[in-house]
Amino acid sequence: QVQLVESGGGLVQAGGSLRLSCAASGGIFSINAMFWHRQAPGKQRELVAVIVGSGKGNYADSVAGRFTISRDNAKNTVTLQMNSLKPEDTAVYYCAADVIAVPGGRVSRYWGQGTQVTVSS
């Protein structure tokens, strides 16, 4: 069974930086896209960044220029470097991955358990 485990959340002052990591393990043949989403209290979960293959990331307007998504395909990991953090970035951050378990198999999306990021003003 595929598992995604996030790490790196915490408390930081506005203007600071945090680096989130997510490792996928289990029955994985390949991974298409990898994502970071976030959900703030009382709000819907939103897409923060996505990266497909070894390409460049795509970002929500609210984080473009401050966050960078990257991945290591050999290790099945995805990282989110967050700089110039703002109090409005406070949320639970979730990684997700579109996984193919066997050659020619269908794509299934898996989610991590989430990691809290709190930015104080």
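Okay, hi everyone. Keep in mind that what you see here is a predicted model. Let's start with the sulfurs.

Is Cys95 buried or exposed? Its relative accessible area is 0%, so Cys95 is buried. Cys22 is buried as well, at 2%; the cut-off for buried is under 20%. And the handedness? The torsion about the S-S bond of Cys22 and Cys95 is about 45°, which means the disulfide is right-handed.

Next, the core. In soluble globular proteins, nonpolar side chains tend to be buried together. In this model, the largest nonpolar core has 29 residues. Among those with the most contacts inside it are Trp36, Phe67, Met82 and Tyr93. Several strands give two or more residues to this core, including strand 4 (30-39), strand 5 (46-52) and strand 8 (77-82). Which strand gives the most? That's strand 9, with five residues.

Take Met82 for a moment. If you skip residues up to four places away in sequence, Met82 touches Phe67 and Tyr93, and its other contacts include Leu18, Leu20 and Val117.

Now on to Thr115, in strand 11, residues 115-120. Thr115 has a relative accessible area of 13%, so it counts as buried. What does its side chain reach? The side chain of Thr115 gets to the backbone nitrogen of Gly9, at 3.3 Å. Again leaving out residues up to four places away, Thr115 touches Glu6, Gly9, Leu20, Ala91, Val92 and Tyr93.

Last one: Gly26. Look in the loop between strand 3 and strand 4 and you'll find it. Gly26 has a relative accessible area of 52%, so it is exposed; the cut-off there is over 50%. Setting aside its neighbours within four places in sequence, Gly26 is in contact with Gln1 and Val2. And how far is the C-alpha atom of Gly26 from that of His37, 11 residues apart along the chain? The two C-alpha atoms are separated by 21 Å.

That's me done, thanks!

Terms used: Residues are numbered from 1 along each chain as its sequence is written. This is a predicted model: local features need pLDDT of at least 70, side-chain atom pairs count only at pLDDT 80 or more; totals for chains, interfaces and linings use all residues. Side-chain values use heavy atoms; hydrogens and water are left out. A disulfide is a pair of cysteine sulfur atoms within 2.5 Å. Buried means under 20% relative accessible area, exposed over 50%, partly exposed in between (1.4 Å probe, protein chains only). Helices (H or I, at least four residues) and strands (E, at least two) are DSSP runs, numbered from the N terminus. A polar contact is a pair of N or O atoms within 3.5 Å; within protein, one must be able to donate a hydrogen and the other to accept it, and residues adjacent in sequence count only if both atoms are side-chain atoms. Contact means heavy atoms within 4.5 Å. A nonpolar core is a set of buried Ala, Val, Leu, Ile, Met, Phe, Trp, Tyr and Cys residues joined through side-chain atoms within 4.5 Å.
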